Amino acid sequence: MSDSDHIQLPGGYHGAYLLVDVTDGSCQRHAIAEQVLADYLGGTGLGTWLMLTLGAAQLDPLSPEAPLAVVFSPLVGSPLTTSAKFAVVSRSPLTGFLNDSLASSAFALAGKRTGHDAIVVRGRAASPSILVIEEDEVRLEPADDVWGKTCEQATRILKDRFPADAAILLIGPAGEQQVLFATLSHDGRHAGRGGSGAVLGAKNIKAIVVRGDRRAGWHDPDGLIKQARDLSARSLGPATAKYRELGTAANLVLFNRLHALPSRNFQQGQLEGVEALSPQQLESVREKTQTSCAACTIGCTHIYGVRSADGSQHQVRVEYENLFALGPLCGVTDQDAVLQASRRCDELGMDTISTGGTIAFAMECVERGLLDVDWLQFGDGEALLRAINLIGTSDELGQQLARGSKRLAEAIGQGSIDFAPQVKGLELPGYEPRALQTMALGFAVSTRGADHNRSGAYEVDFSEQVDRRQGTPQAALLAIETEDRATIMDSMILCKFLRAALGDLFEESAEMLNSITGWQLQGDDMRIIASRIATARKLFNICSGWTPADDSLPNRFLTTALPDDPQARLDPQQLQAMIEAYNLGRGWQQQGWLDEAAVEQTGFPFSLVDA
Amino acid sequence: MRISVELFGIPRIRAGVQVVELELAVPTTLGQVLAELSRLFPALEGECIVNGELLPGFLASLRGDRFIRDSATTLDGEASLLILTADAGG
């Protein structure tokens, strides 16, 4: 029995998080005040609050004391399409800053049915273990039979061990070896960026298994069902056609045409032969199936067949980001190589963007004579696979690659940091900053590092509102708007692929939340919530050691135009003006620091800044 | 004037072609180009274009440079136009 059991809860919530210490398997249920739920919602918002509350900013992310939170939301378990999502939040071992990643799967549904709004893991198990949470019962089981196994292998073994209604979130060998960009995986989907897998691996936890039957009620079930039907109908319409019919891979050919496709470690914005990786070309030569995430009507998951070197047939989920990162970014246009590389990342449990970015950087170092690995050449698919297989092993190159491009550049020196494709240590996704300059701003200021999910600034570049190759301070307010929309969707949680199907996102979000919780929110309230969460994220990063120098881009982007598009040139002073306009637009100080009034809106004390 | 129109994303799927060359009077507007595309590829009408206007969620680009949506935009001297799905989420 806990505090929350005596309090009338808003619909959609259990009103508590479970804190588990895997050192000894003990656990405590902690109530979450309704005001906190209203201020931070769930998902990445509530995760940020948890990390600040638990003092994570001052802790080594791979230490036993460091918390890792799996956070659900009031929408999980509701009939709203795309709502079966959860966030994984911690301090990132790759960046040292706040990391939150999302995954869509039935793990969200089963996890919330344990009766908690979040599950926080701390400590370090004495030996490789599986953390099992069945409502109020928590235990550790040995993981001897799955430690060292790939994500797919371990999933199969654990599904045999546990009941059918249990859900399993696990790490692959990369997480076990604490590769700094290791993922958490459930049923083939990954909470990918920032190294959450390494955090769990450092705790000697191979998997978190959840099971339960506790459901949070809804304030207005009839109203909610009506909203859900309407949203589902819109999700099947033209606003989501690109995702349903082509998948995100549709970006590849367009971006190549616009010189916005990062190629050969961001040396160019276009690559000859890249059409071979387009959805149309993939589909013309190999088997394709399509599926969707749990509780999703959009159906954006496009899966292609690939044959391994041993002749066995496999299926690989293809997204723009893994195509770009393991394809043109490494100079590779061979379909089989890219799909096999993607599959291998999934097996090992590694973020494909960081994997591709780190290897591409290494390839350029080889090209420049800064790294003595003559087989690691741009365009060589076999070399790409060989490098991936080395990551996380005892091989010297593998050990270096496992730490990401920033640390590799720091080790190599000789000015290589100028072209390491990262911001704050997180490798850039597939949007060339010089060709998409509002996105350049988004990358520079994002608290997670170079990030296209927390910042949707490319939406501004792909509009008639700006000149995508001439970033201006006026674009900063537009970038803030995209961030705030993303923050709301990531905290409620709903899939961003729905955004074009929504009218006024803030108003509609408020209506959905009101039906679930019984609150009386309006669109403006949602904007305030988004702003609060953004400031809380910044607060965490300041507590983690952020300085204004962290909000920038590598020198390559500030000193060199794209050779294939000379108009794509990013002026460093222009970028700085955009960053300052962004900070002021957020209500922060010009250089990005927070004053007392800004911190106050988060509910945390200003003394944290000085701690 | 001859305009080369490149189609990307859903417009490419609906039209079934990647590139189409149009011969139009000078000056011409974006709306006139869109109307001609709808005439040549009826599957575009109602899905990407309605009565010479781009539906929300679609953009045009002059030569791959700036993006436009206003059907009144004059394309005098423009030889290249892109029609694309606006949502670039990856």
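A: Let us begin with a definition: two strands pair if DSSP finds at least two bridges between them. Strands of a sheet pair through backbone hydrogen bonds, either parallel or antiparallel. The model shown here is predicted.

Q: What is the order of the strands in the open sheet of six strands in chain A?
A: The order is β2-β1-β6-β3-β4-β5 (chain A), and the pairing is mixed. β2 (26-31) and β5 (98-104) of chain A each have a single partner strand and stand at the edges, so one side of each lacks a neighbour in the sheet. From one strand to the next, the twist averages 20°.

Q: In which sense do strands β3 and β6 of chain A pair?
A: Strand β3 (residues 68-71) and strand β6 (residues 118-122) of chain A are antiparallel, with four bridges. A:V71 has A:A118 in β6(A) as its bridge partner.

Q: How is strand β7 of chain A paired with β8 and with β12?
A: With strand β8 (residues 137-142) of chain A, β7(A) pairs in the antiparallel sense over six bridges. The two form a hairpin with two residues between them, and A:E135 in the turn has a positive phi of about 55°. With strand β12 (residues 205-211) of chain A, β7(A) runs parallel, joined by six bridges; here A:S129 stands opposite A:I205.

Q: Why is strand β7 of chain A described as largely enclosed?
A: Five of its six residues (129-134) are buried, so the rest of the structure largely encloses β7(A). A residue counts as buried if 20 or more other C-beta atoms lie within 10 Å of its own.

Q: How many residues does each chain bring to the contact?
A: Chain A brings 27 residues and chain B brings 22 residues. On the side of chain A, the largest share, four residues, comes from α9(A).

Terms used. Residues numbered from 1 in each chain as written. Chains lettered and ligands numbered in written order. Predicted model: local features only at pLDDT ≥ 70, side-chain atom pairs only at ≥ 80, totals over all residues. Contact = placed C-beta atoms within 7 Å. Axes fitted to C-alpha atoms, helices over the stretch in contact; angles between N-to-C directions. Buried ≥ 20, exposed ≤ 12 C-beta atoms within 10 Å, placed from the backbone.
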